[in-house]
Amino acid sequence: MLLAIDSGNTNIVFGVHDGANWRGVWRSSTKSDKTADELAVWMMQLFEMKGLDRDAVDAAIIANVVPSTDFNLRSLCRDHFGIHPLVVGDADLVLGIKLLTQAPEETGADRVVNTIGAYVAYGGPLIVIDFGTATTFDIVDADGNYCGGVIAPSAGHSVEALHQAAAQLPRVDVRKPGSVIGTATVPAMQSGIYWGYVGLIEGLIGRIRQERGERMKVIATGGLAEVFHSATDAIDMLDRDITLRGLAEIYRRNQPS
């Protein structure tokens, strides 16, 4: 079985794939001081709950955008599963796509994996929106290559920035308000964040399509994807499995033929 690890700025997602299905998917908060031993204890409890055998895991792949967690994640695979993991970003890893950007080495592992995971499922051209710690828009061409993208602050960070900058404005949840015009401070803030963010999404999708000169399918993933998917027809599909699917596909592409 394959252990796939997606380490983001907020959460680390662990998935176990048996070649046909995901047998378990779990999330842990990203903490650089969480040791390989601590992660292993936590994972073994989850394996037991799912009836999974640690010894059945014979391969691993990691996508990581938090350098401080790299050592512990590699150590987890090596010391507790007896595996030397594939790591997205390592020079000898076969991706099967081209990174058509000015500085390919700067492309985050998560964006590479999302490109591959989305293309495998939907073909191209695509816009992949990942509602994570930042909201990213990744551009995938008809051949599955990564063409660049857009990075915007997340809706959650916009709320936090507003609260920090204005003494009398509270923190609010990111949710769809009952009306656009708020009749009190909290609903007014929620409207500004929610509908302002919908405007950002629709505006960027429109400008990307205009610049590319083609109709591109839009796929949304990540924590707040469901919150905004229902608010706009600009998003064609909600898919929470893009990143893990991409990791499984990269692993497949690196196996002997």
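1. Which backbone oxygen does the side chain of Thr 115 reach? That of Arg 111, at a distance of 2.9 Å. Keep in mind that this is a predicted model, so read the distance as computed from it.

2. Where does Thr 115 sit? The residue belongs to helix H3, which covers residues 109–122. Thr 115 has a relative accessible area of 0%, and because buried here means under 20%, Thr 115 counts as buried.

3. Next, the surroundings. If you skip the neighbours within four places in sequence, Thr 115 is in contact with Ile 97, Asp 138 and Val 140, and also with Gly 144, Asn 145 and Tyr 146.

4. Zooming out to the fold: the protein has 10 strands along with 7 helices. Of the contacts with a separation of 6 or more, 57% are between residues 24 or more positions apart. Buried residues, Thr 115 being one of them, make up 45% of the 257 residues.

5. The C-alpha trace spans about 60 × 40 × 30 Å along its principal axes.

6. Finally, surface and charge. As for charged side chains, I see 31 negative and 22 positive; the centres of the two sets are 5 Å apart.

Terms used
Residues are numbered from 1 along each chain as its sequence is written. This is a predicted model: local features need pLDDT of at least 70, side-chain atom pairs count only at pLDDT 80 or more; totals for chains, interfaces and linings use all residues. Side-chain values use heavy atoms; hydrogens and water are left out. Helices (H or I, at least four residues) and strands (E, at least two) are DSSP runs, numbered from the N terminus. Buried means under 20% relative accessible area, exposed over 50%, partly exposed in between (1.4 Å probe, protein chains only). A polar contact is a pair of N or O atoms within 3.5 Å; within protein, one must be able to donate a hydrogen and the other to accept it, and residues adjacent in sequence count only if both atoms are side-chain atoms. Contact means heavy atoms within 4.5 Å. Lys and Arg count as positive and Asp and Glu as negative; His and the chain ends are not counted. The place of a charge is taken as NZ of Lys, CZ of Arg, CG of Asp or CD of Glu.
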